Amino acid sequence: MKNVKARYLFLAATGIAMVACREPATGKEHPPSHHAASITPAKAHNVALYQFAGTPPAMAALIQKGIMTKLKVAVQLMQGQPLPAMSFYKPRNRYIADSLLVYLRGQRPAACEKIIGLTTRDISTRKGEIENWGVLGLGSCPGTACVISSFRGGKGKVSESIFNRRMITLALHELGHTYGLPHCPDPVCLMIDAKGKMNLDEGESYCAKCKNKLLAQGVVTK
Ligand SMILES: [Zn+2]
Ligand SMILES: [Zn+2]
């Protein structure tokens with residue numbers, strides 16, 4: 001588990017490992033062609049939004065729309081199961097985000113290049129010496145899975161519109177990690193490091209540098 005964890009937050013210098021993505025079978029089979037190997041079909045960017053049981057449907061719909069407004073991806077909603085018991089950390093009544101990523105990878109439909117899990121429960125990860133550190137979200141960098149939690153989003157403490165915007169920014173931040181974006185030093189970029197604080201109100205867009213990395217993968221338009 002410890003080896004696996006190192007991959008989540010630190011950027012691999014070797015570039016982006018894209019996951020092969022296939023459209024679901026349509027039933028219509030094309031005959032084998034000698035040219036088949038040279039044809040590269042336009043790649044569809046599908047993202048699955050996995051709603052762990054208990055997630056308000058309105059929140060999922062809001063995040064779905066928010067992601068599709070900023071990224072050139074199609075987000076499909078998935079009604080999920082309860083959070084897996086194996087991920088539960090009883091002493092703090094939290095779920096280990098790293099463990100949830102392992103679970104989510106197993107739920108990703110073949111047609112989706114990424115899966116983002118959504119929960120209202122508290123989630124945590126290891127941070128340096130701190131074994132169990134509560135977080136808003138966690139994403140593999142680069143990778144196929146990320147997870148976000150509304151637990152620390154300030155629901156009821158800030159206006160509904162601020163809370164909603166935070167959740168969308170959070171989703172874009174963690175998805176950004178899966179597309180290989182590390183934390184960004186630009187203070188108005190949504191990829192800025194939270195460093196344990198709530199900083200989702202600082203920026204709601206990717207900076208030009210981060211956007212260029214997404215552009216290269218075809219998940220944003222100019
Ligand atoms: Zn981050
Ligand atoms: Zn940036």
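Predicted model: local features only at pLDDT ≥ 70, side-chain atom pairs only at ≥ 80, totals over all residues.
Me: Where should I start with the metal, and which residues are the protein donors of the zinc ion (ligand 1)?

Reply: A metal site is read from its donor atoms and then from their spacing along the chain. Here the zinc ion (ligand 1) has the NE2 atoms of His173, His177 and His183 as its protein donors, at 2.0 to 2.1 Å, and in sequence these donor residues follow the pattern H-x3-H-x5-H.

Me: Is His177 buried or exposed, and what does His183 count as?

Reply: His177 is buried, because its relative accessible area is 1% and the limit for that class is under 20%. His183, at 32% relative accessibility, counts as partly exposed.

Me: What is the nearest side chain of opposite charge to Glu174, and what does Glu174 touch?

Reply: For a charged residue, one looks for a partner of opposite charge and then for other contacts. Glu174, which is placed in helix α4 (residues 160-178), is buried yet lacks a salt bridge, the nearest side chain of opposite charge being that of Arg105, 11 Å away. The side chain of Glu174 does, however, reach the backbone nitrogen of Gly139 at 3.1 Å. Leaving aside residues up to four places away in sequence, Glu174 touches Gly137, Leu138, Gly139, Cys146, Val147 and Ile148.

Me: How many bridges join β4 to β6, and in which sense do β6 and β7 pair?

Reply: Strand pairing is read from the direction of the strands and from their bridge partners. Strands β4 (residues 94-96) and β6 (residues 123-127) run parallel and are joined by two bridges, with Ser124 of β6 as the bridge partner of Ile96. Between β6 and β7 (residues 130-135) the pairing is antiparallel, over four bridges, and Lys127 has Ile130 in β7 as its bridge partner. These two strands form a hairpin with two residues between them, and Gly128 in the turn has a positive phi of about 55 degrees.

Me: Which residue forms a salt bridge with Arg152, and where do the two lie in the chain?

Reply: A salt bridge is read from its closest atoms and then from the elements it connects. Arg152 forms one with Asp122, their closest N and O atoms being 2.8 Å apart. This pair links distant parts of the chain, 30 residues apart, with Arg152 in the loop between β9 (145-149) and α4 and Asp122 in the loop between β5 (114-119) and β6. Arg152 is partly exposed at 32% relative accessible area, whereas Asp122 counts as buried at 6%.

Notes. Residues numbered from 1 in each chain as written. Chains lettered and ligands numbered in written order. Heavy atoms only, no water. Pairing = 2+ DSSP bridges. Buried < 20%, exposed > 50% of the residue type's maximum accessible area, 1.4 Å probe, protein only. Lys, Arg positive; Asp, Glu negative; His and termini not counted. Salt bridge = Lys/Arg side-chain N within 4 Å of Asp/Glu carboxyl O. Polar contact = N/O pair within 3.5 Å; in protein donor to acceptor, adjacent residues only side chain to side chain. Contact = heavy atoms within 4.5 Å. Donors = N, O, S within 2.8 Å, 3.2 Å for Na, K, Ca; no water.
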